[in-house]
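The sequence and the structure are shown first.

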Amino acid sequence: MEIPYNVEERQDTGMYNAKLGIWLFLASEVMLFGGLFSAYVFLRMGDVTGAFMSGSNQLNVPLATFNTLVLISSSVTMIMSWVSLKLGEQKKFKTYLGSTLVLAGVFLVVKYFEYSAKFHHGIFPETSTFFAIYFTLTGLHMLHIIGGMIVIFYFLVPGAKMMKLESERFTNRIETVGLYWHFVDLVWIFLFPVLYLL
Amino acid sequence: MSGHSVEDIKKSVKVYIGVFAALAVLTVVTVAASYLDLTSGESFFLAIIIASVKGTLVAGYFMHLFSERTAILAVLGLTFIFLLTIMFLPYMALTDHPAV
């Protein structure tokens, strides 16, 4: 039996079901990260020891700036992969989606070096309230990057068969993955100044 | 985003490149602004303003919210109200302290 509204838009919502689904999921993600940002504000307001100021000064701003640019670039390659599918350019699609995966990998490698440097200097989540929230927020964000990479890899290799069999449905799948990926970028846009610069 | 004609999509590519350039410039501006001689309150306000502009560009253009249908905008509007509520909850703690 064919599942309705896989490709065509519903009259009531004005979108296909998967897109509505991913938006509802992203709304829940807004609240997840919102709760943690709220915890950041709470901890910062109660910080009488100066842990936030001194902790923030120990972070590597150039590396984080580089990572911000990497993530922004990955958002562009992600949307260009969807554009390529819309224009029927399947080879370009693979190049752009593959680039997104590589850029996500670069982000993780940079984060690995950042974390290693902190651990090497004896800085752990229990070091201060700042580092507790720093590792929680960046760790959760990193898990989202890894989750996104798994899904992108799936659509790049095993899941790519659908591209020829049901091209419109596949294009929609890439759009929904893209929405998730842009959200991950959006979260980092706020994490970067809040943790590294303030 | 609905109604993607080939022409529309070709036009939107230029917009995406423009948004990318704006995001890159604003990232540099964010870092530069952190070196300004401002109070912590002013720095916080400025950083959040720049991040909000960047976030609006990503959500509006890359996530197509500027051209999205009203159903999802209503859901996200409600989410935004709850987000603002949860962000201002810590300020209620300011009134929790017993008078000294």
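Two residues are taken to be in contact if their C-beta atoms, placed from the backbone, lie within 7 Å. The model discussed here is predicted. By that criterion, 37 residues of chain A are in contact with 36 residues of chain B. On the side of chain A that touches chain B, the elements giving two or more residues are H1, H3 and H7 of chain A, and H1(A) gives the most, with 13 residues. The table divides this side of chain A by class.

| Class | Residues on the side of chain A that touches chain B |
|---|---|
| Nonpolar | 25 residues |
| Polar | 9 residues |

The largest nonpolar core has 60 residues, of which Ile79(A), Tyr180(A), Phe183(A), Val184(A) and Trp188(A) touch the most other members. Elements of both chains give two or more residues to this core: H1, H3, H4, H5 and H7 of chain A, together with H1, H2 and H3 of chain B. H7(A) gives the most, with 17 residues. Beyond its neighbours within four places in sequence, Phe183(A) is in contact with Leu26(A) and Glu29(A).

Helix H4(A) spans residues 90-120. H4(A) has 31 residues, and the distance from its first C-alpha to its last is 45 Å, close to the 45 Å expected at 1.5 Å a residue. The buried residues in H4(A) are Phe93(A), Tyr96(A), Leu97(A), Thr100(A), Leu103(A), Ala104(A) and Phe107(A). An α-helix has 3.6 residues a turn, so residues three or four places apart point the same way. The cover over the buried residues of H4(A) includes H3 and H5 of chain A. After H4(A) comes Gly122(A), with a positive phi near 75°.

Key: Residues are numbered from 1 along each chain as its sequence is written. Chains are lettered from A and ligands numbered from 1 in the order in which they are written. This is a predicted model: local features need pLDDT of at least 70, side-chain atom pairs count only at pLDDT 80 or more; totals for chains, interfaces and linings use all residues. A nonpolar core is a set of buried Ala, Val, Leu, Ile, Met, Phe, Trp, Tyr and Cys residues joined through C-beta atoms within 7 Å. A residue is buried if 20 or more other C-beta atoms lie within 10 Å of its own, exposed if 12 or fewer, and partly exposed in between; C-beta atoms are placed from the backbone. Helices (H or I, at least four residues) and strands (E, at least two) are DSSP runs, numbered from the N terminus. The expected span of a helix is 1.5 Å times one less than its number of residues. Ala, Val, Leu, Ile, Met, Phe, Trp, Tyr, Cys and Pro count as nonpolar, Asp, Glu, Lys and Arg as charged, and the others, Gly among them, as polar.
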